[in-house]
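Please find below a colleague's note on the structure under discussion. The points are numbered so that each may be taken up separately.

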Amino acid sequence: MGLAVAVNNLDPVIELIRAAKDAAEAREQLCAKRWLAGEIAPLIALIDEPGRLVDEDGTYQLSEAQAKAILELRLHRLTGLERDKIAQDLQDLVDRIREYLEILESREKLYALLRDELLAMRQEFADPRRSEIIEGEFEQDIEDLIQREDMVVTVTHNGYIQRVPLSTYRAQKRGGKGRAGMKARDEDFVSSVFVLNTHTPVLFFSSRGMVYKQKVYKLPVGTPQGRGKALVNLLPLEEGEIITTLMPLPENEADAENLFVMFATASGNVRRNSLADFVQVKANGKIAMKLDEGDRLVGVQTCEDTDHVLLATAKAKSIRFEATDVRVFAGRNSTGVRGIRLGKEDAVISMSILSHAEFSVAEREAYLKRSRAERADPDETYAVAGNDEPLAEGEEAPLELTDERYAELAAQEQFILTVTANGFGKRTSAYEYRITNRGGQGVVNIVLADVDNNGVVASFPVENDTGLVMMTDGGQLIRTGVGDVRIAGRSTRGVTLFRVGDDERVVTVTHLSDDDDDDSDVDGDGVPEEGAEAEATEDGAESVNEAPQDDSEAAPESDNGEN
C-alpha cells in the first residue's frame, strides 16, 4: 500500500528524497507528510488497517515500514510496466481479501471450501496404510506396580471399610490395655478384622445373599483411628443391603478348581459349593446364597473333602462334623442343610475348617492324657474328654502310645482359640472336639462366667506363633500373641486376654502371622500397670477350674472312630 501511495505521488516523493540530507531525514519527512490517496482510497478502506485510514481531506500518512520500503525501491520499479505491476499486485491482494470476507460471512461457502479441501487431501493421501498398528510386546499390569504388603482390613457394623498397614500396630503382651483403634461414633464399631496381602482378592457376601469381589489394594487406605469409606460407595449395593461376611480367596485363582466353599448362617444352616462358582464375579455381583428372613451369614471359608467343620455358638456350644456330611450343591440360591441344632436365643457366631487326623478313641485318650501331663500346671485341672464316652463291654483301659505315634499325633494337633465378650479366652486341643454327625446340639466349648451379659465372640484354629488383634465396641484395640494364652480343656473359663472396661465388650477377634518380635511399647500403650499381670495370672489360675461336663448331643458319634 505504501508503494502504491508513492507511485500515485511519484514526483513529490522523488523531490522530497532528493532534497533530504540522508536516508533518516528522508524517512522522517516521508512519515511526517500527508499524501494524497487519490484512486487507491477505496483499497485502503477495504484493507482497514487500524490507525492507517484515509482522512476526510483524502490524505494518507505513511508508516515507518512503508517509508523504508519506498527508500529501498529500485529505479527500474518506476517504469510504466513496473508501476502497473505494483497496481496489479495490490488489486490481487484486495481481491483475495474480498473473497476471504465473503467466505467468513457465508456458512455455505465456508463448508464448501472445507469439503473441497478435504476431498483434495483424500485424493492426494488416500493410499493404503503402510504402517502396522499392533499391541505392544510388553503390557504393564497395574498390579505389578502394587507393593506386596500385609494390611489390617477393618469392617465396621455400619458398613465402613479401610485398610491400615500391619506395621502400624506393635505387638504387646496379653492382659494389656491395648492402643487406641477406631473411635466409636454414631454407635458404630468394628465387626470384622482381617490381615491380608494387598494382592489378595476378597469376596464380599451381603445380607441379600449376593457376593461381590474386590482386591485389597483397591480398598481405601485409612488410619487406626479412622473408620474408612462406606462400602456402599465401593460396591453396587441396593438400598438396605449390607455386607455381612468377607472371605479372602487364594491369590492363584487356578487353585479354586480343587476347593470348595462352606457357608454357615447364624441359624445353624450350612451349605457346600465348588469354589469355582465364585471365582468369576462381575462388577454388579452374583447370587451366593438364599437366606431366610432375619438370618445372616457368619462364616464362609474354603475347604477340601478331607476337612472337618467346627461350628461355635454364642451360648458356648460347638459341633464338629466332616465336610462330606454336607453334599456339594449345584445351585447358589438354596438355604442349605442344618449344621447344628440351636438352643433358645442362641446363634452361630463362627465356623472353622479343621484338618483331618485319623486315630481311634483309645489313641486320642492316651494322647490327651500324656499331653496334659507334659503341660502339667499345679493350679490347673482338666476334664477328661473321654469321660462321657463309656468303654464298650470288654474294652480295656486306654493304651500307652509309643514315642513315634505320640510325635505323629502332636504334629497333626490343632488348637482352637475361644474368646468371650468379657475378655477371657483359652486354647483347646482340637482332639477334644469329637466328630459327630451334623445336626446335633454340640458340646461345651467354654464356661461363661456371666451368662446374661457374656457370650462367645470368636472361636477359630490358631498356631503357637499366631498373633491376635482384638477390638472392643468402644474402639479399644490390642495386638498380642497366642503363645501367652493358656491351653485348657473345653469346659474351662480361660485366662484374661483383654482387660475391658465395665461398659465395654470384645466384639471382634482376628488372627495374624506374629512375625513382629518387638513386644515393647515405647509410648506405654498396652503395658500392664503395676500388679496387672499378677492379677491376670490370678484370674487365669482361678478361671481354669473345671465345670461339670455338658456333652449332650442330639446326634450320635460317628462309628468310624476317626477324629
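**Notes on the predicted model**

1. Five bridges connect strand β3 (residues 150-156) with strand β4 (residues 160-165), and the two strands run antiparallel. Within this pairing, T154 is placed opposite Q162 of β4. Strand β3 is mostly covered, since burial applies to six of its seven residues. The model is a predicted one, and the points that follow should be read accordingly.

2. A further point concerns an open sheet. Four strands make up this sheet in the order β10-β7-β8-β13, and their pairing is antiparallel. Its edges are formed by β10 (243-248) and β13 (286-287), each of which pairs on one side only. Strand β8 (residues 210-215) is joined to β13 by two bridges in the antiparallel sense. In that pair, M210 stands opposite I287 of β13.

3. Helix α3 (residues 23-32) has A26, L30 and C31 as buried residues. Because these residues span an arc of only 130° around the axis, they lie on the same side of α3. The exposed residues E28 and A32 are carried by the face of α3 that is turned away from the buried side.

4. Which elements are included in what covers the buried residues of α3? Among them are the helices α2 (10-19) and α5 (64-71), together with the strands β1 (34-36) and β2 (59-61).

5. The N-terminal end of α3 is capped by D22. A side-chain oxygen of D22 lies 3.4 Å from the backbone nitrogen of A24.

6. Two residues with positive phi deserve a separate entry. A316 is not a glycine, yet its phi is positive at about 70°. This residue, A316, sits in the loop between β15 (308-313) and β16 (317-322). Is A316 buried or exposed? Its relative accessible area is 6%, and because buried means under 20%, A316 is classed as buried.

7. E345 likewise is not a glycine and has a positive phi, of about 60°. The loop that holds E345 runs between β17 (337-338) and β18 (348-354). The relative accessibility of E345 is 71%, so this residue counts as exposed, the criterion being a value over 50%.

Key: Residues are numbered from 1 along each chain as its sequence is written. This is a predicted model: local features need pLDDT of at least 70, side-chain atom pairs count only at pLDDT 80 or more; totals for chains, interfaces and linings use all residues. Side-chain values use heavy atoms; hydrogens and water are left out. Buried means under 20% relative accessible area, exposed over 50%, partly exposed in between (1.4 Å probe, protein chains only). The arc is that of the directions from the helix axis to the C-beta atoms. Contact means heavy atoms within 4.5 Å. A polar contact is a pair of N or O atoms within 3.5 Å; within protein, one must be able to donate a hydrogen and the other to accept it, and residues adjacent in sequence count only if both atoms are side-chain atoms. Two strands pair if DSSP finds at least two bridges between them.
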